[in-house]
Amino acid sequence: MANLKYINIIKLLLLFLVGTIAWHNSISDELSLQSWHLLVIFICTMLGIVLNPLPISAVALLGAGACLALGVLSTKQILRGFSENVVWLLVFAFFIARGIIKTGLGKRIAYYFISKLGKTTLGLSYGLVSAEFLLSPLIPSVTARGGGIIYPIVESLVNTYGENLTPNEKKRNMGFLSQVCLQANVITSAMFLTAMAANPLIQSLASKEGVEITWGSWALGAIVPGIIALLVMPILVYLMHPPAIKHSPDAPKHAVEALKHMGRLTIQEIIMMIVFVSLITGWILDKKIGLDATGVSMLGVVALLTTGVLTWQDAVNEKNAWDSFVWFAIMVMLSGYLAEFGTIKWIGMKIGQSLSGYQAIFAVPILIGIYFYLHYLFASVTAHVTVLFTTFLLLLFSFNVPPMLAAMLLAYFSTLCGGLTHYGIASAPVYFETKSVSIREWWTIGFALSLVNILIWAGIGGIWWKYLGWY
């Protein structure tokens, strides 16, 4: 195994060295050498993450180092990702989760869930999906919602639900619940205009092309395929990554007894609840109070530190937060510069040219599929939308797709593709850092569910949109 690891490292280094000098002469007149090298380095970094010869942060640093050594990016450009709001929001989400767990509030919430739905692990998963659905129209940050609210409950549920389980069995339960919650986070983010930051940007870009999207029209178009997707998804995850414990008929009774044993809320729990409610309020009112989700989260962490709920040592010891900080910042940086250098736009133009001779019945599904799966190149839904949405919207118009249908297809798929990878949407790294699902399993589940989502949203959704008069 050790020799295989070193062989993979050597292969990865060769990919970086060979890939950056291959094929660029044939396209240098249309795409700059810098852009081409960055694309190859990004692809090599993704391959390294999949091969896993080194920890993910080490592979990401290797990609950044290749950019620096080959003169593709400067030191200042490479470090830009570490100042991105979404990266720090991820770190603060881990700290908030630690506070909920440390005070025991997470365990109390977990016991409540178990007392109501705990006879089966699948039942628990539907309870978490329901919570995600109810919160999604109110909280426009996927990390705040998925990482700051749902994830701490999941971690407490796993620790509480399987107190007598082996570490591997707990890991299996965490893998199931984390995948369900991540995919629910993705689906609900596609259902409401106010469910994530990229959606208002889509509304604005569509408006510039003459398509007016309201909160009501967005939600109305998503409600049927969205609810069906939320109902189907936990069962599919259950089949692909079943939990270690499937039935526990005595769990609700034990949970009620545990709640009685815990007694009244402690001072620390009350403080955590106040901060928690304040965070949710701040995330809902972010623009009205002049703070974005990251700023609200920072103030929440400050409140936890000043009241003693968390110590600075707790923050320093939160290794998963700092590990995610390194690799996610680099992935955001790389994908951001792919957009700035025009690499992705160039790819979109080439795709449009190659399909220009096809009939719409063939070209449109291909365009939608390409738009969806190009997200493998992005670590941000917002970046994906910024770079590709208008280009692909105009391409769909060129094939006479009705404006509202074209805009909303791209709008919904812009978020649904976030579930493909462990870096595809801002909440994914939170669940990935549980180390409960391997990268191969994550990508396999993500790809399988992407096909199901496409079938549900394009198929059943298409029938519903016909009824709404979108085409």
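**View A. Cys 67 in a predicted model.** Cys 67 is buried, because its relative accessibility is 0% and the cut-off for buried is under 20%. The model is predicted. Is Cys 44 buried or exposed? Cys 44 is buried as well, at a relative accessible area of 4%.

View B. How many disulfides does the structure hold? The count is 0. Cys 44 takes part in no disulfide, and its nearest cysteine sulfur belongs to Cys 67, 10 Å away. Cys 67 is in no disulfide either; for this residue the nearest cysteine sulfur is that of Cys 44, at 10 Å. A disulfide needs two cysteine sulfur atoms within 2.5 Å.

**View C. Helix 20, residues 403-416.** This helix has 14 residues. At 1.5 Å a residue they should span 20 Å.

View D. The chain has 22 helices and 0 strands. Its radius of gyration is 23 Å, close to the 23 Å that the globule rule gives for 471 residues, so the chain is as compact as a globular protein of that length. Its C-alpha atoms fill a box of roughly 70 × 60 × 45 Å along the principal axes.

**View E. Inside and surface.** Of the 471 residues, 56% count as buried. Among contacts with a separation of 6 or more, 80% join residues 24 or more positions apart. The accessible surface comes to about 19,600 Å². Carbon and sulfur atoms make up 67% of that surface.

Definitions and conventions:
Residues are numbered from 1 along each chain as its sequence is written. This is a predicted model: local features need pLDDT of at least 70, side-chain atom pairs count only at pLDDT 80 or more; totals for chains, interfaces and linings use all residues. Side-chain values use heavy atoms; hydrogens and water are left out. Helices (H or I, at least four residues) and strands (E, at least two) are DSSP runs, numbered from the N terminus. The expected span of a helix is 1.5 Å times one less than its number of residues. Buried means under 20% relative accessible area, exposed over 50%, partly exposed in between (1.4 Å probe, protein chains only). The radius of gyration is taken over C-alpha atoms; the globule rule is 2.2 Å times the number of residues to the power 0.38. Contact means heavy atoms within 4.5 Å. Accessible areas come from the Shrake-Rupley method with a 1.4 Å probe; for residues, only the protein chains shown count as cover.
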